[in-house]
Amino acid sequence: MLLKIDSVTKKFGGLSAVSDVSFELEEGKILGLIGPNGAGKTTLFNCINGTLPITEGTITFNGEQISGKKSYQIARLGIARSYQVTQPFGNMTTLQNAMVGAFCKTKSYNEAESIGLNALKTVQLDHKAEIVAKHLNLGERKKLEIAKALSTQPKLLLLDEVMAGLTSTEVQDMVKIIREINATGITIIIIEHIMEAIMSLSERIIVLNFGKKIMEGTPDEVSNDQRVIEAYFGVDEGDEEYA
Amino acid sequence: MINKLLSKNNSVLWIIALASIIVPFFLPNRYFQDIAVMTFLWAGLACSWNLYSGYCNRLSIGHAAYLGIGAYSSTLLYVNFGISPWIGMLAGGAISAVAALIIGGTTLRLKGTFFVLSTIAFAEILKVMTITSKDITKGALGVFIPYEPGFSNMIWASKIPYAFLTWIYMIIVLLICVKMERSKLGYSLIAVGENQEAAENLGVNSSRTMLIAFVMSAVLTSFGGTIYAQYIMFIEPTSVMSLMNSINFILLAITGGMGTAFGPMVGSFILTPISNLLRGYLSSVSGLHTFVLGLILIAILLFRPDGILPQLKLFFNGLIKKSKATKGV
Ligand SMILES: Nc1ncnc2c1ncn2[C@@H]1O[C@H](COP(=O)(O)OP(=O)(O)OP(=O)(O)O)[C@@H](O)[C@H]1O
Ligand SMILES: [Mg+2]
């Protein structure tokens, strides 16, 4: 197992944004993570990569316990994430953005440059290498998020809604890119609201609702599950909420 | 904001920096040579300040503290024990490094205004301590350095050797900054300045990165402090460690362009002569030169908020293109 999430809970004051979630992930797979707005998906990413300290539970990566470690340490161990709300280093060029991550594994400037450039090629952004990041459009920013994460040469990649706001051709593009990344041996967890895309990409899917894992299965199993349909289309108000 | 790290083509700026050493030889008298020395010195100091604050986007308004540590360390060692200021300069650097480690270790994690205030507080506390520790520092009276010219004393009769010394200081600081811009440290530092959390997510240890740069900045400033003391040959706490000095670092860097290796140098090349000449020519009305200087600064900030360097680069790039075109390249 590459990643083991064991009864992880994250509380913000009284609110359990992630509540007693457990799952395992094998190397080389793509795992989908879905759920309605506010279900705790992004928060779960923040817990895995150490941006937020978890309240309870343990997270094991590659046989090593990572819960409690700082995010830069976890990045160096091989977990990279993209932000749902893109966070480019606005005054640096696209290539320089990617190079920041590349320095995670090398001290050499030239090596970092070629790692960064490779990451940009993977997401088809190399033609914008010298553009200052604040001038990129949304689609390009989403790609840059992935390139930055890739340049740290991760084993596990956490993608948070990298297709949101893209046109349908751009979405198809992105699906292709994600497949290519996975084909190089990088394990992926992907959060996405675009069902078509996530259903076609993921081998297994986990559904979160109000911080709880309500379902795990193949795309087919998930899309036919009554609990999932209820979570998305709603049952009687408040029934589930404080259960 | 300027496009940081974009100083890929620095050749014209290097030529300006290297060629500037001939200027003092053409100046008619000691008055103008003095302005040249101060221009080089402040260029080096502002570049040192910029190494942390400019690249990392975090204002230190207390760098006069490290200027003071450099000045007092070498001066007290020289005056009391006859130790050469060259060695005193290294001693001052070491003391500044320790001070910056302690101050930085506790305050760099502070966000925004709190960090800025803590840097001012440190400089002010150090100034008061220097005034009150009369037994060691002679307090507010200040310390005179006896005039005994010689290389090992870092004292010369002519202004020219001082011009050389301050110019070399400036060049060394520039070399360090340019080298840093093409290194892991530089990339990490700028990334932290842009977005600390996103940088950490890419494996950047932000506290360590900031601390290293902060210590480097303090040590280089301290070296400048020793040179300053040996040049003026008299130091007193209220002038060396004044808030005015702390602010001058920032003014020069902002005027030229923060977060670029050559920006602060350009700032000093423009502002230090203007400010000195204004003081000379407008001395009839007291305070008038500060007023005019203030107007110039406001104009720069209004019309060139990124500093003058980006504009200068565009200008030079245009010239280079033109000359290539006329040569038919
Ligand atoms: N830093 C925080 N402090 C307090 N509450 C937070 C914080 N981050 C998230 N939350 C809350 O936790 C809950 C889960 O948020 P999260 O962003 O993880 O949802 P999500 O599943 O990613 O939603 P979306 O699909 O809209 O991105 C929400 O109620 C949110 O308001
Ligand atoms: Mg989210």
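Helices (H or I, at least four residues) and strands (E, at least two) are DSSP runs, numbered from the N terminus. This is a predicted model, in which local features need pLDDT of at least 70, side-chain atom pairs count only at pLDDT 80 or more, and totals for chains, interfaces and linings use all residues. Residues are numbered from 1 along each chain as its sequence is written, chains are lettered from A and ligands numbered from 1 in the order in which they are written, and side-chain values use heavy atoms, with hydrogens and water left out.

**Stop 1: a loop in chain B**

Select B:Arg58. It sits in the loop that joins helix H3 (30-56) to helix H4 (64-81) of chain B. B:Arg58 has a relative accessible area of 16%, so it is buried. Buried means under 20% relative accessible area, exposed over 50%, and partly exposed in between (1.4 Å probe, protein chains only).

Now show what B:Arg58 touches. Setting aside residues up to four places away in sequence, the list is B:Tyr52, B:Ser53, B:Phe115, B:Val192, B:Gly193, B:Gln196 and B:Met210. Contact means heavy atoms within 4.5 Å. The B:Arg58 side chain also reaches the backbone oxygen of B:Cys56, at 3.1 Å. For scale, pick B:Ala140: 82 residues away from B:Arg58 in sequence, and 31 Å in space, C-alpha to C-alpha.

**Stop 2: helix H11 of chain B**

Go to B:Thr226, in helix H11 (residues 206-232) of chain B. Its relative accessibility is 0%, so B:Thr226 counts as buried. Its side chain makes a polar contact with the side chain of B:Ser74, at 3.4 Å. A polar contact is a pair of N or O atoms within 3.5 Å; within protein, one must be able to donate a hydrogen and the other to accept it, and residues adjacent in sequence count only if both atoms are side-chain atoms. Beyond neighbours within four places in sequence, B:Thr226 is in contact with residues including B:Gly70, B:Pro85, B:Met89 and B:Met154.

**Stop 3: salt bridges**

A salt bridge is a side-chain nitrogen of Lys or Arg within 4 Å of a carboxyl oxygen of Asp or Glu. Over all chains, the count is 10.

- Select A:Lys4 and A:Glu24. Their side chains meet in a salt bridge, 4.0 Å from N to O. The pair links distant parts of the chain, 20 residues apart: A:Lys4 is in strand S1 (residues 3-12) and A:Glu24 in strand S2 (residues 15-25) of chain A. A:Lys4 is partly exposed at 40% relative accessibility, and A:Glu24 is partly exposed, also at 40%.
- Select A:Lys148 and A:Glu145. Their closest N and O atoms are 3.8 Å apart. Both lie in helix H5 of chain A, 3 residues apart, about one turn of the helix. A:Lys148 is buried at 3%; A:Glu145 is buried at 3%.
- Select B:Lys127 and B:Glu124. Here the closest N and O atoms are 3.4 Å apart. Both lie in helix H6 (residues 113-132) of chain B. B:Lys127 is buried at 13%, whereas B:Glu124 is partly exposed at 28%.

**Stop 4: helix H1 of chain A**

Select residues 41-48 of chain A. In this helix, H1, 7 of the 8 residues are buried, so it is largely enclosed by the rest of the structure. Among the buried ones are A:Leu44, A:Phe45 and A:Ile48. A:Gly50 follows H1(A), and its phi is positive, near 85 degrees.

**Stop 5: two domains of chain A**

Colour domain 1 (3-78 + 154-242) and domain 2 (86-151) of chain A. These bounds come from an automatic or database domain assignment. The domain centres, taken over C-alpha atoms, are 24 Å apart. The contact takes 17 residues from domain 1 and 12 residues from domain 2.

Between the two domains there is 1 salt bridge. Find it at A:Lys143 and A:Asp173, 3.8 Å from N to O.

**Stop 6: where the chains meet**

Show chains A and B together. About 2,500 Å² is buried between them, and carbon and sulfur atoms give 54% of that. Buried area is the accessible area (1.4 Å probe) that two parts lose on being put together, summed over both. The count between the chains is 0 salt bridges, but 12 residue pairs are in polar contact (both at pLDDT 80 or more). On the side of chain A that touches chain B, helix H2, helix H3 (94-102), helix H4 (109-122) and helix H5 (138-151) of chain A each supply at least two residues. H3(A) gives the largest share, 5 residues.
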